[in-house]
Amino acid sequence: MSRYGLSADDDRFLAEMDQSEDVGADAAPEEGEDNQPDDSDGEEIQMTSKQVLDALQRAWMNEKFAVQILPYEEPIVDMVLSQLVYMEENLASTNKNEMLYIAHRMEVERIRYLLASYHRCRLQKIEEYTFHILDEESKRAAGEKRLSAGELQFATDFYKSVESHFHQVAVRHMPRSCQDDENIRKVVPNLDSHVFVRAKENVAEFSISADHETINVAAGSVHMFKYRDVEPLVLEGIVELI
């Protein structure tokens, strides 16, 4: 019996839409261009459609449960957007009354939800910890930035708007000695709050306290750690937040 109770023809078409074709960060070369890999432009990311969606879901879960804002997954987001365009083009030629269309429309909406929720989580952190995030971002090297260009612009504009409003309604009425002390109004995330993590690989002698107490973390095991201790492993992709 075919998937979703579809006919054999519908099932073949569904398989075509689910093909595990490589999804790259760069467009395919035009006809007549050299197809040999060019190492001078850096390493190109090649992933299947399933790998791209799995990566988006991991990025969303990590961002949702991380105390601090994490590096923006721009390559993953770009590839997901490309996949959505491809899926919409296939759906445009499908009968809207068929089960095939309904199943894939639900999948498209699910992917759109993940993408929107991922960005919504990041914007909520930017709005809550604006000054802290901008301050930390200014200290990072060019290759270690965590905000996209759009997020950086939003954070800067949001911070200026809040400071302007706060000055008009409160700061100008305060003693002069307190008016310029931004640290009083600075909100920072609690890095000592606890999070649940699942190990993706073995970690030997992982330090879990200021006293250098260590444990061995087995792949697939679930633990609760202070976010401050586990953030390096999250950034390296060794563990994932759950």
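**View 1. Helices α2 and α4 pack side by side in this predicted model.** Helix α2 (residues 49-65) and helix α4 (residues 99-128) pack at an angle of about 30 degrees, and their axes lie 9 Å apart. Helices (H or I, at least four residues) and strands (E, at least two) are DSSP runs, numbered from the N terminus. Axes are lines fitted to C-alpha atoms, for helices over the stretch in contact, and angles run from 0 to 180 degrees between N-to-C directions. The crossing of α2 past α4 is left-handed. In a left-handed crossing the near helix is turned anticlockwise from the far one by less than a right angle; clockwise makes it right-handed. From α2, L53, L56, Q57, A59, W60, E63 and K64 take part in the contact. From α4, the partners are E107, R110, I111, Y113, L114, L115, S117, Y118, C121, R122 and K125. Contact means heavy atoms within 4.5 Å. The residues of the contact of α2 with α4 divide into 10 nonpolar, two polar and six charged. Here Ala, Val, Leu, Ile, Met, Phe, Trp, Tyr, Cys and Pro count as nonpolar, Asp, Glu, Lys and Arg as charged, and the others, Gly among them, as polar.

Numbering and cut-offs apply to every view. Residues are numbered from 1 along each chain as its sequence is written, and side-chain values use heavy atoms, with hydrogens and water left out. Local features need pLDDT of at least 70, side-chain atom pairs count only at pLDDT 80 or more, and totals for chains, interfaces and linings use all residues.

**View 2. Helix α3 has a buried side and an exposed side.** Helix α3 covers residues 74-92, which is 19 residues. Its end C-alpha atoms are 27 Å apart, in agreement with the 27 Å that α3 should span at 1.5 Å a residue. The expected span of a helix is 1.5 Å times one less than its number of residues. Buried in α3 are I76, V77, M79, V80, Q83, L84, M87, N90 and L91. They cover an arc of only 160 degrees around the axis, which puts them on the same side of α3. The arc is that of the directions from the helix axis to the C-beta atoms. On the other side of α3, E89 and A92 are exposed. Buried means under 20% relative accessible area, exposed over 50%, and partly exposed in between (1.4 Å probe, protein chains only). An α-helix has 3.6 residues a turn, so residues three or four places apart point the same way.

**View 3. The buried residues of helix α6 pack against α4 and α5.** Helix α6 (residues 149-169) has 21 residues. From first C-alpha to last it reaches 31 Å, close to the 30 Å expected at 1.5 Å a residue. E151, A155 and Y159 are buried in α6. They cover an arc of only 70 degrees around the axis, which puts them on the same side of α6. The face turned away from this buried side carries the exposed residues A149, K160 and H165. L152 also sits in α6. L152 is partly exposed, with a relative accessible area of 37%. Leaving aside neighbours within four places in sequence, L152 is in contact with L134 and L147. The C-alpha atoms of L152 and I126 are separated by 9.2 Å, and the two residues are 26 residues apart along the chain.

**View 4. H132 and E137 are buried residues of helix α5.** Helix α5 (residues 130-139) holds E137. H132 counts as buried at 10% relative accessibility. Beyond its neighbours within four places in sequence, H132 is in contact with Q68, K186, V187, V188 and P189. H132 and V187 are 55 residues apart in sequence and 6.7 Å apart in space, C-alpha to C-alpha. E137 counts as buried at 4% relative accessibility. Its contacts, leaving aside neighbours within four places in sequence, are K145, R146 and L147.

**View 5. E240 is buried in strand β7.** Strand β7 covers residues 239-241. E240 counts as buried at 16% relative accessibility. Leaving aside its neighbours within four places in sequence, E240 is in contact with R58, N62, F196, V197, R198 and K200.

**View 6. E205 has a positive phi in strand β4.** Strand β4 covers residues 203-207. The phi of E205 is about 50 degrees, although E205 is not a glycine. Most residues other than glycine have a negative phi. E205 is exposed, with a relative accessible area of 60%.
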